[in-house]
Amino acid sequence: MPDSDGDLAGPAAAGGAGGPTGPTGPAVTAATRPTAATAGTGDATGAVFTALADPTRRRLLSTLAAQPATATELAGELPISRQAVVKHLSALADAGLLERERAGRDVRYRMTPAPLSEAMSWMAEVGGRWDQRLAALRDTLQARH
Amino acid sequence: MTDQIERELELPAPPEEVWRALTDPRWLELWLADEVSLELRPGGDASFRIGDELRTGWVEEVRPPAAGAPGEGRVDGGQAESGARLTFWWAVEPEPASRVQISLAPLPGGATRLWLVEARPLDVLDLVGLPLPGDGGNAYGPALLAGV
């Protein structure tokens, strides 16, 4: 579990807009980036947050929670290309949320047996939704200036 | 602390305009939800429809921006000293309500820094204590969630 107590700080300590900015979201500061707790688990935690922060990936994950599927099968259910689906599935697999198995010439994806921390899932979903809303707020205000 | 998210960003408008975007339903419907109904006073009802999702809750705190020149606001320990703050609770049935707190501080050049925290009940209950009845005020318990 990430221990973010030490790194969650007020805006004065976070340093404002010094961090990287996503394509549509507000600046990611020290206060918002998930932190490494112990050696070896920190990167894994960050990868899970990144993987879950995208709504398409969350949808793929919940589909696969019901039953395993191949990229082709999943692409058939979504308005995005198979190539995009493969990219998302790779991100989820890299984060340890999915495992791959051969199914003939195809690769089938299934959720890993380890349960996903519900708190981490909440943080990723709630944070992701606010990123979208705040970007829309900024765009709304920008349009008038 | 794991049941809390924080976001911070700079907005290209002065605090009075940002406050309007946070509290006027016609503005809120441009970025937060499809339909908003809001009683802007402590204890007032709040409801938000986002697509098919309906969130209901109530307003905890309404502190509009203080009049003053840009740069007077100070953000200290996460709280804007002379800035604005809006705090409300919302929930999607059947989940428990979470608490959203938005703080504003003026920045030079007519901009605003916005700081947002959304916290789930376990953390928030620690912050609000109420005296328990029947104990002479010696015992405090956590505040209850929506519906009280």
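**Close-up views of a predicted two-chain model**

View 1. Chain A contains six helices and three strands, where helices (H or I, at least four residues) and strands (E, at least two) are DSSP runs numbered from the N terminus. Along the sequence these elements follow the order α-α-α-β-α-α-β-β-α. The model is predicted: local features need pLDDT of at least 70 and side-chain atom pairs count only at pLDDT 80 or more, whereas totals for chains, interfaces and linings use all residues; side-chain values use heavy atoms, with hydrogens and water left out. Residues are numbered from 1 along each chain as its sequence is written, and chains are lettered from A and ligands numbered from 1 in the order in which they are written. The mean pLDDT (the predictor's confidence in each residue, from 0 to 100) of chain A is 72, and 65% of the residues score at least 70. Within chain A, confidence is lowest in helix H1 (residues 11-14), with a mean of 36, and highest in strand E1 (residues 69-70), at 94. Over residues 1-41 of chain A, pLDDT stays under 50. For that segment the model has 66 contacts beyond four places in sequence, a contact being heavy atoms within 4.5 Å.

View 2. A:His88 belongs to helix H5 (residues 82-94) of chain A. Its relative accessible area is 15%, so A:His88 is buried (buried means under 20% relative accessible area, exposed over 50%, partly exposed in between; 1.4 Å probe, protein chains only). Apart from neighbours within four places in sequence, A:His88 contacts A:Asp54, A:Thr56, A:Arg57, A:Leu60 and A:Ile80. Of the 145 residues of chain A, 40% count as buried.

**View 3. The largest nonpolar core.** This core has 56 residues, of which A:Leu89, A:Trp130, A:Leu137, B:Leu22 and B:Leu114 touch the most other members; a nonpolar core is a set of buried Ala, Val, Leu, Ile, Met, Phe, Trp, Tyr and Cys residues joined through side-chain atoms within 4.5 Å. Helix H6 of chain A provides the largest share of the core, nine residues. Leaving out residues up to four places away in sequence, B:Leu22 touches A:Leu137, B:Leu28, B:Trp31, B:Leu86, B:Ile102, B:Leu104 and B:Leu114.

**View 4. The largest cavity.** The largest cavity holds about 60 Å³ of space. On a 1 Å grid over the protein atoms alone, a cavity is a set of points where a 1.4 Å probe fits but cannot get out, and a pocket is an open set with protein on both sides within 12 Å along at least five of seven lines; lining residues have an atom within 4 Å of a point. Grid points are joined across faces, edges and corners, and a volume is the space filled by probe spheres set on the points. The lining of the largest cavity includes A:Trp130, B:Leu22, B:Trp31 and B:Phe48. By class, this lining has 10 nonpolar, no polar and no charged residues; Ala, Val, Leu, Ile, Met, Phe, Trp, Tyr, Cys and Pro count as nonpolar, Asp, Glu, Lys and Arg as charged, and the others, Gly among them, as polar.

**View 5. The second largest pocket.** The second largest pocket has a volume of about 400 Å³. Its lining comprises 19 residues, with A:Trp122, A:Glu125, A:Val126, B:Arg55 and B:Glu95 nearest the centre. Helix H6 (118-142) of chain A and strands E4 (53-63) and E7 (84-91) of chain B each supply at least two lining residues. H6 of chain A gives the most, eight residues. Eight nonpolar, two polar and nine charged residues make up the lining.
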